Amino acid sequence: MSGIILLCRAGFEGDCAAEIQDKATELGIYGYCQTQPNQAYVTYNCQAEEAEHIARKLPLKDLVFAREMFALLSPVKLAGIEDRASEVIKALEPHRETFGLAGELRVETPDTNEANQLSKFCRKFSVPLRQALRKEELLSNKPLAKRPLLHVLFVNSAHALVGYSYSYNQTPYDGGILRLRMPKDGPSRSTLKLDEAFQVFVPENEQEKRIQPGMKAVDLGAAPGGWTYQLVRRGMMVQAVDNGPMAESLMETGQVQHIKEDGFKFRPKRKNIHWLVCDMVEKPARVGELMTSWLLEGDCQEAIFNLKLPMRQRYAAVKEYLDQIKDQLQTEGTKPFEIQAKHLYHDREEITVHLRWLPKQ
């Protein structure tokens, strides 16, 4: 058995499957997906060399619905087996010559209630498994980014999937989940979505330059201020646009100007806005058009916004919306741009999109 394993939010397996099928076809690979409702992962079956090609050539950041992706080496049955480490090693033996030495180990579970109950076990099991792998010269003594990361995914207590990913094409978080703590003074839980988006979409080595105190920002549909909170926290001066009331704690900072206006009609008086953010509950096509027009008219440099997805065929809809944005920016824009979209951990029936002009070379 060989293929690709993709982890996603439970309930989004169909969208994740449709996306990998589409992307693999673009690479000239024709496999098929296996999944079950609410299991929070998808298996894309293909030949081992094709899985290797996908693991190398299909950027994880280009996948909207997959949180994590790795090439499958082997399933492992563990029911009734006490020495599970030996069983994992036995599964790796046929691949020893081609796979070689792993640079690091990740023992994890899909994001389901059943599998999450194994999280504590996974943390404990990683210790003896790491030692056993090193003894068999299947894992380096120290983390090596140049070598593949070995994944052991416990889908339940009796069944694991073993595979690998490359350092340049993997998430730094177990299961692709960036867990954040709700701030005590945050006006709403939606604040975590923008916090996660900043960390996922802006590389750590660029954050000091692109997320600076003193920058000007606009939050459309701001009330009560969950997303404004993240901009204020990063020292920005914010125009919060909404007819609803803003949290008093934000207004007291002196960094927020509350503008009671329709978010679809507002435009800044000066071309000095770096960040535009928007979490309005609206038709996704309409939000996409609004964000695109802000960039094209020079009213912001970067935008982060959510597209709500109440429809059934979510991947097809997302593809259509993102293609519309790309087509318009390519046709009417004068600079290169970057667009990223992700179903973040703190998103629900929505995805988060990041859009920006790239600096001229």
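The charged end of Arg 56 sits over the ring of Tyr 166, 4.2 Å from the ring centre (CZ of Arg or NZ of Lys within 6 Å of the ring centre and within 35 degrees of the ring normal). Arg 286 places its charged end over the ring of Phe 264 in this sense, 3.7 Å from the centre. This is a predicted model, in which local features need pLDDT of at least 70 and side-chain atom pairs count only at pLDDT 80 or more, while totals for chains, interfaces and linings use all residues. Residues are numbered from 1 along each chain as its sequence is written, and side-chain values use heavy atoms, with hydrogens and water left out.

Tyr 166 also belongs to an aromatic cluster with Phe 99, Tyr 164 and Tyr 168. Rings of Phe, Tyr and Trp (its six-membered ring) pair if their centres lie within 6.5 Å; planes under 30 degrees apart are stacked, over 60 edge-to-face and the rest tilted. The count of aromatic pairs is 9. Phe 125 and Phe 154 make an edge-to-face pair, with 5.6 Å between centres and 90° between planes. Phe 125 lies in helix α6 (residues 119-135) and Phe 154 in strand β6 (residues 149-156), 29 residues apart; helices (H or I, at least four residues) and strands (E, at least two) are DSSP runs, numbered from the N terminus. Phe 125 and Phe 154 are buried (under 20% relative accessible area, 1.4 Å probe, protein chains only).

Helix α1 (residues 13-26) packs against helix α12 (residues 314-332) at about 55°, with axes 8 Å apart; axes are lines fitted to C-alpha atoms over the stretch in contact, and angles run from 0 to 180 degrees between N-to-C directions. Asp 15, Ala 18, Glu 19, Asp 22 and Lys 23 of α1 meet Arg 314, Tyr 315 and Lys 319 of α12 (heavy atoms within 4.5 Å).

Conventions: Buried means under 20% relative accessible area, exposed over 50%, partly exposed in between (1.4 Å probe, protein chains only).
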